[in-house]
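Subject: Handing over a structure, with notes

Dear colleague,

I am passing on the structure below, and I would be glad if you could read the notes that follow with it open beside you.

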Amino acid sequence: MKRFRLLALLGICCLALAGCGGRDDSTGFESSSSDSSTPASADYLMFPNPHASLGVGDYNVVLTDTTFPSNPTHYVLTVNYTDGTTETYSGNWTAISQPITQAIEVHHAGGVTLNLNSGGATATLAITQSGTTLRSMSGVNPSMEIPRFEIDQPSYATAYYTEIDPTNAKDTLAKWKVANGFGSGPCQPAGGVEYEVRFRDVHDLGYGRHMCAHRDNATGNIAVWVENFQVNAVASQHYEKLNLEAVINDDRRWHIGTNAIEFSPSPSSGTTKFPKFYTFNPDGTRRLVVDLDGRGGKALPVPCISCHGGRALPLTAAGLFPQIRTSPRADTLSRMQPINVDTLDFSDTSPYTRAQQELTFKAIN
C-alpha cells in the first residue's frame, strides 16, 4: 500500500508538465506586472547537471584532402568557440591524402564550430584529443558543430524516445493514449480508475490545465496527460487568469500543447518501472525540444526533470541515452511531488470549483 501511495504521486505530473508545455517555436514569454505572471525564480528550467561537450584542454584539428584540384591547394580553417572567440588558420596541401594537424586550445569548457574552406578539394575534417577522434566530417568545405551542451540538442530527445518507445508506438498523442488504456473520450479510460481536474497553476507558469490520470488495475501502471492552455492575445498577460477561463471553457484556440507521463516497466527489461516523459504539439505530434521560459530550448526529458528531479547526463560516445548505475538506460531517477492545492487557482463554475475537485486531488495524492 505504501508503494502504491508513492506511485500515485505520479499525478503531480501537472507540475512536471509545466516543464514540458511550451511551444517549440516560442521566442520566450513576456513578463507581466502580476506576481503570478512570471516563473518562480530566475533559475527556472536551468539545465540540470550540465556537462560541457569539450573540457578545457588541448585538441587537434586534422585536415586531410582526398582530392587534389591544384598544387598547392589552399585551405582556410575557422574555429568558433562557444565563449565567443574565433581563430582562423590557413595553409596549403601539396600532395593528395596529406594530413595537416592544427593544434587548438579550449580555454573555457563548452563547444566549438569548425568550418573548412577546402579550396575545392574533397576533404576530411576531424577533431581529436590524445589520439582519439571525437568527431569527423567529409566533403567539399566540410563543417561541424559541437554544441556547448549535448543535452540541449534534438539528438538528446531522440535518444531518449528511442529508449522509452523503441518502436515508435507512442509517437502521437492518440497512439500514446491507446497504449496507456485511455478510451476515445476526453478522459475515458477503457478500464481501471481515472481522475480528471481543471485548474490554473499559479505557482508554476500560470497555465490553464486539463489533467486526466489513469491507473490500470491489472498492471498497476499509471498514465497522466495534461493539456496546457495559455492565452497570448493580450500583451504581457501570458500567465493571467484568462488561462483558467480558457481551460474551463475548453477554448482550443489557446491549447498550446499536451504533455504526458507514464509509470510503466522498462521496454528493455520489461520489469523495472520508472517515470517516462512525453510532450506533444497541439496537433498531437510528438516534439523534441521546447522553450518554456525564454532562456532557450530544452530537449526532452530535461524540461520535465527540471521539476521532477533526476539527472540529465550527456549521451554516450555511441550516441545512446546514458545509464545511471544499474538503472534502466532511460531512467533519470526522477521523483514525484504531491499537488499543493493552495498553489492552484480554481473556477467558480461547477464542476470545477475547488470544493468539487479537492477529493479528486486527494485521491491523486
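A residue is called buried when its relative accessible area is under 20%, exposed when that area is over 50%, and partly exposed in between, as judged with a 1.4 Å probe and with protein chains only. Helices (H or I, at least four residues) and strands (E, at least two) are DSSP runs that are numbered from the N terminus. Please keep in mind that this is a predicted model, in which local features need pLDDT of at least 70 and side-chain atom pairs count only at pLDDT 80 or more, while totals for chains, interfaces and linings use all residues. Residues are numbered from 1 along each chain as its sequence is written, and side-chain values use heavy atoms, with hydrogens and water left out.

The overall picture

The protein has 365 residues, of which 49% count as buried, and its secondary structure comes to seven helices and 16 strands. Where a contact means heavy atoms within 4.5 Å, residues 24 or more positions apart account for 66% of the contacts with a separation of 6 or more. The accessible surface, computed by the Shrake-Rupley method with a 1.4 Å probe (for residues, only the protein chains shown count as cover), comes to about 16,300 Å², and 50% of this belongs to carbon and sulfur atoms.

The nonpolar cores

In soluble globular proteins, nonpolar side chains tend to be buried together. A nonpolar core is here a set of buried Ala, Val, Leu, Ile, Met, Phe, Trp, Tyr and Cys residues joined through side-chain atoms within 4.5 Å. The largest such core has 47 residues, and those with the most contacts inside it are Tyr 156, Trp 176, Met 211 and Phe 361. Helix H3 (residues 154-164) supplies the largest share of this core, namely six residues. Apart from it lies another core, of 21 residues, which includes Leu 77, Tyr 81, Leu 116 and Ala 121.

What do the buried residues of H3 pack against? These residues are Tyr 156, Ala 157, Ala 159, Tyr 160, Tyr 161 and Ile 164, and they pack against strand E13 (273-280), strand E15 (298-299) and helix H6 (302-308). Phe 361, for its part, touches Val 197, Phe 199, Ile 339, Val 341, Leu 344 and Phe 346, if residues up to four places away in sequence are not counted.

An enclosed strand

Strand E12 (residues 255-265) is largely enclosed by the rest of the structure, because ten of its eleven residues are buried. Two strands are said to pair if DSSP finds at least two bridges between them. E12 pairs with strand E11 (residues 222-229) in the antiparallel sense over eight bridges, and eight bridges also join E12 to E13, again running antiparallel. Asn 259 in E12 stands opposite Val 226 and also opposite Thr 279 in E13.

Salt bridges

The structure holds twelve salt bridges, each being a side-chain nitrogen of Lys or Arg within 4 Å of a carboxyl oxygen of Asp or Glu. One of them joins the side chains of Asp 345 and Arg 200 (3.4 Å, N to O). Asp 345 lies in strand E16 (residues 344-345) and Arg 200 in strand E9 (residues 193-201), so this pair ties together parts that are 145 residues apart in sequence. Asp 345 counts as buried, with a relative accessibility of 13%, and Arg 200 is buried at 3%.

Are Arg 209 and Asp 201 buried or exposed? Their side chains meet in a salt bridge (3.9 Å, N to O); Arg 209 is buried, at 0% relative accessibility, and Asp 201 is buried at 0% as well. Salt bridges that share partners also join Arg 198, Glu 227, Asp 250 and Arg 252 into one network. Asp 251 forms a salt bridge with Arg 253, with the closest N and O atoms 2.7 Å apart, and Arg 253 is exposed, with a relative accessible area of 64%.

A glycine to look at

Gly 208 is found in strand E10 (residues 208-215) and is buried, with a relative accessible area of 0%. Leaving out residues up to four places away in sequence, Gly 208 touches Phe 199, Arg 200, Glu 227, Asn 228, Phe 229, Asn 243 and Val 247.

With best wishes
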